[in-house]
Amino acid sequence: MSASAFTVSSPSWRPIPVPRSVNGGKAAARVAAARAALVEAGPRGPPVVRDGGGGGGRVGAVVPVLSVDRAEDIQAEARAMARAANATVYTPELLSRRYGSRPIKVVSRALDILVALGSFAIKLLVDQSNGQIDQNKRRRGAELRRIFTRLGPTFVKIGQGLSTRPDLCPPEYLEELSELQDALPTFPDTEAFACIERELGLTLDSIFSSISPSPIAAASLGQVYKARLRYSGQLVAVKVQRPAIEEAIGLDFYLIRGLGILINKYVDIITSDAVALIDEFARRVYQELNYVQEGQNARRFKQLYADKADVLVPDIFWDYTSGKVLTMDWVDGVKLNEQEAIERQGLKVLDFVNAGIQCSLRQLLEYGYFHADPHPGNLLATPEGKLAFLDFGMMSETPEAARFAIIGHVVHLVNRDYEAMARDYYALDFLSPDVDVSPIVPALRNFFDDALNATVSELNFKTLVDGLGAVLYQYPFNVPAYYALILRSLTVLEGLALYADPNFKVLAASYPYFAKRLLTDPNPYLRDALIELLFKDGRFRWNRLENLLEQGRKDRDFSAKDALQPVLKLLLGPEGEELRVLVVKESVRVTEAIVLGSVIDGYNSAPAFMRTLLFNGNANGPLVMNDDELKRMIGLRDQVMRIWGLLRTSQSFDPSLLQPILQVLQEPEARSLGGRVAGGITQRLAARMLQQVLRPPPTVATTSL
């Protein structure tokens with residue numbers, strides 16, 4: 001649903017009588033009132049008492065919209081499902097039956113598309129040859145918007161996707177194509193009102209005390225009205241589906257699928273199954289045509305993600321919802337790409353973008369259920385500072401194995417472990433298990449060694465996608481349909497961020513979430529990924545741990561109490577012997593650094609005459625080590641203390657974080673771990689003392705006379 005469908009377009013509302021039925025000529029005349037007017041209906045008997053699924057308050061003796069009894073809510077949803085029982089479900093066989101025997105219609109539509117897009121391409125070539133590409137950008141952008149609009153809903157969705165990609169389209173095109181999000185041609189209001197009455201089986205004035213006489217916004221699949229429920233006074237948005245929309249979309253997908261078959265057969269450079277990707281996208285679009293399914297999607301999305309204070313998801317009114325009519329809470333707000341309007345309210349666009357990124361990461365990697373169409377028309381910045389998600393027609397899911405594999409892939413990217421990155425493609429279902437990934441490793445290394453430069457946080461998401469795309473095309477990859485939707489979702493968010501800050505990096509904003517998950521998630525795959533990140537060549541990489549803690553603390557859900565618990569559980573478990581060997585070794589190093597570092601601090605704080613008297617002026621005092629070794633030891637001590645400080649100053653810090661370590665040292669089967677640590681420390685300190693005792697006295701320079 002378009003964002004401005006939930007945006008009050010005018011402060012003035014003029015009452016106009018609403019018809020009992022919208023099928024007569026008088027109704028049509030009344031509907032022709034001014035766009036900003038709100039139609040007010042006079043009382044016509046007792047209000048209809050309905051129990052929907054949305055929120056609302058009690059008015060007199062009217063039953064509240066949000067039922068206290070969950071059974072009533074389930075019954076209301078069941079009634080809505082019954083009204084949508086005949087909704088069309090996409091299948092290739094359906095398209096073949098419908099259009100396979102209508103060659104004239106198919107050829108006519110194909111020619112219409114080719115002529116429209118071909119003529120536009122010719123104009124671009126002429127502009128290029130005349131050196132007028134830059135001068136005609138605005139004009140060509142407007143022409144492309146009109147072409148997409150004329151070609152219908154399928155191409156409108158293509159234009160909506162392009163409108164969020166400043167890296168693909170010049171600003172003039174973006175501004176023109178952004179109008180496709182909510183400024184599309186409308187269909188007659190009489191047809192819309194008749195559809196409401198036909199679908200719900202009720203007269204318009206028995207449902208609403210007021211409804212806007214014209215659409216507040218028109219989207220690709222329907223148009224939206226603002227109304228007030230008669231029984232509760234609740235403001236709602238009512239989305240009504242366009243007439244004959246299935247015919248228009250079905251024919252386009254029949255043609256596009258035919259093109260996909262040709263691509264699979266004759267175009268070797270594209271190794272992915274084009275038909276499978278088209279079928280997946282078509283299924284999603286057909287699901288959008290079932291508004292009851294969209295309502296169920298919204299309910300599930302709200303349950304999973306609206307627990308955060310900065311995320312808003314409207315409620316659904318089930319008794320006023322059917323396959324072609326959707327009634328939900330009205331939300332006031334501004335589209336995310338309207339930066340000036342947002343800042344006039346004292347809000348910052350990037351705050352909303354960051355909220356969107358964090359919510360999207362939870363969608364993609366925590367629960368796997370994600371909004372696959374987050375263009376600016378579906379994301380609102382509310383005056384209260386919340387990010388409102390709208391239009392839940394196109395949703396998708398990330399398989400559980402792929403969710404963890406994606407996080408692991410980021411770890412391998414940080415480590416530049418290209419062999420592991422290549423193996424990740426098995427878990428991501430990009431490659432069949434019988435494919436040898438060794439030839440892929442050099443291609444990954446060649447791209448990422450150049451792209452990463454300093455840190456992964458500096459890598460733009462588009463650069464990552466383009467680079468991986470170049471690798472994918474060279475090898476027998478089969479990109480799953482869910483992954484294509486993930487890429488679309490993330491690239492749209494990055495496009496929105498680039499409106500506010502051309503230097504914005506989605507990966508940099510995402511890394512705190514990855515760090516938090518690695519430090520706190522007990523999943524075995526992520527636990528192993530964390531160990532892989534922290535240990536290398538038998539040494540613990542304290543700088544990686546410090547960086548993870550610094551990044552993880554930026555995530556509002558980070559808990560110091562949960563940090564490192566997954567590793568501790570593995571350390572104490574029966575399979576942790578190999579890790580315990582490394583931990584003993586590192587514990588000895590750290591303890592030595594802390595003890596000897598304290599000795600050095602004490603030596604440095606002593607008066608100069610005492611240092612000379614006791615240690616003969618040795619720069620390192622009581623220690624026998626060179627300057628480089630001393631610097632490394634002091635650096636390790638300081639780094640460990642900084643990490644401890646990060647944990648102590650984190651929210652919800654609890655000293656019980658260390659309790660598992662104390663407990664394991666008390667367990668009979670694990671006491672040897674403490675003994676090994678104590679023994680190692682004793683040996684190291686004894687060796688240091690022995691070196692000090694056996695150190696030859698410093699030579700005293702003499703001057704011959």
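Colleague: Which residue forms a salt bridge with Glu247 at 3.2 Å between the closest N and O atoms?
Modeller: This is a predicted model, and a salt bridge here needs a side-chain nitrogen of Lys or Arg within 4 Å of a carboxyl oxygen of Asp or Glu. In the pair asked about, the closest N and O atoms are 3.2 Å apart, and the partner of Glu247 is Arg102.

Colleague: How many residues apart are Glu247 and Arg102?
Modeller: Glu247 is in helix α10 (residues 245-266). Arg102 is in the loop between α3 (92-99) and α4. The pair therefore links distant parts of the chain, and the separation is 145 residues.

Colleague: Is Arg102 buried, partly exposed or exposed?
Modeller: Buried means under 20% relative accessible area and exposed means over 50%, with partly exposed in between. The relative accessible area of Arg102 is 29%, so Arg102 is partly exposed.

Colleague: Which residue meets Lys105 in a salt bridge of 3.9 Å, N to O?
Modeller: The limit for a salt bridge is within 4 Å, and the side chain of Lys105 has a partner at 3.9 Å. This pair joins helix α4 to helix α10, across 142 residues. Lys105 is partly exposed at 35% relative accessibility. Its partner is Glu247.

Colleague: What is the relative accessible area of Glu247?
Modeller: Glu247 has salt bridges with Arg102 and with Lys105. Glu247 counts as partly exposed because its relative accessible area falls between the cut-offs, at 26%.

Colleague: Is Asp134 buried, partly exposed or exposed?
Modeller: Asp134 and Lys137 meet through their side chains in a salt bridge of 3.3 Å, N to O. Lys137 is partly exposed at 21%. Asp134 has 55% relative accessibility, and the cut-off is over 50%, so Asp134 is exposed.

Colleague: Which residues make the nonpolar surface patch of about 400 Å²?
Modeller: A residue needs over 30% relative accessible area to belong to a patch. Leu111, in helix α4 (residues 103-129), is partly exposed because its value is 47%. The patch is made by Val107, Leu111, Leu114 and Val115.

Colleague: What span should helix α11 have?
Modeller: Helix α11 covers residues 274-288, which is 15 residues at 1.5 Å a residue.

Colleague: Which residue of β7 is the bridge partner of Val238?
Modeller: Strands of a sheet pair through backbone hydrogen bonds, either parallel or antiparallel. Strand β5 (residues 235-241) pairs with β7 in the antiparallel sense over 5 bridges. Strand β7 (residues 325-329) has 5 of its 5 residues buried. The bridge partner of Val238 is Thr327.

Colleague: Which strands are the edge strands of the open sheet of 4 strands?
Modeller: The order in this open sheet is β6-β11-β10-β8, with mixed pairing. An edge strand here pairs on one side only, and the edge strands are β6 (311-312) and β8 (334-335).

Colleague: Which residue of β10 does Val334 stand opposite?
Modeller: Strands β8 and β10 (residues 379-381) run antiparallel and are joined by 2 bridges. In β10, the residue opposite Val334 is Ala381.

Definitions and conventions
Residues are numbered from 1 along each chain as its sequence is written. This is a predicted model: local features need pLDDT of at least 70, side-chain atom pairs count only at pLDDT 80 or more; totals for chains, interfaces and linings use all residues. Side-chain values use heavy atoms; hydrogens and water are left out. Patches are made of residues with over 30% relative accessible area and no salt bridge: like charges are joined within 9 Å, nonpolar side chains (Val, Leu, Ile, Met, Phe, Trp, Tyr) within 5 Å. Accessible areas come from the Shrake-Rupley method with a 1.4 Å probe; for residues, only the protein chains shown count as cover. Buried means under 20% relative accessible area, exposed over 50%, partly exposed in between (1.4 Å probe, protein chains only). The expected span of a helix is 1.5 Å times one less than its number of residues. Two strands pair if DSSP finds at least two bridges between them.
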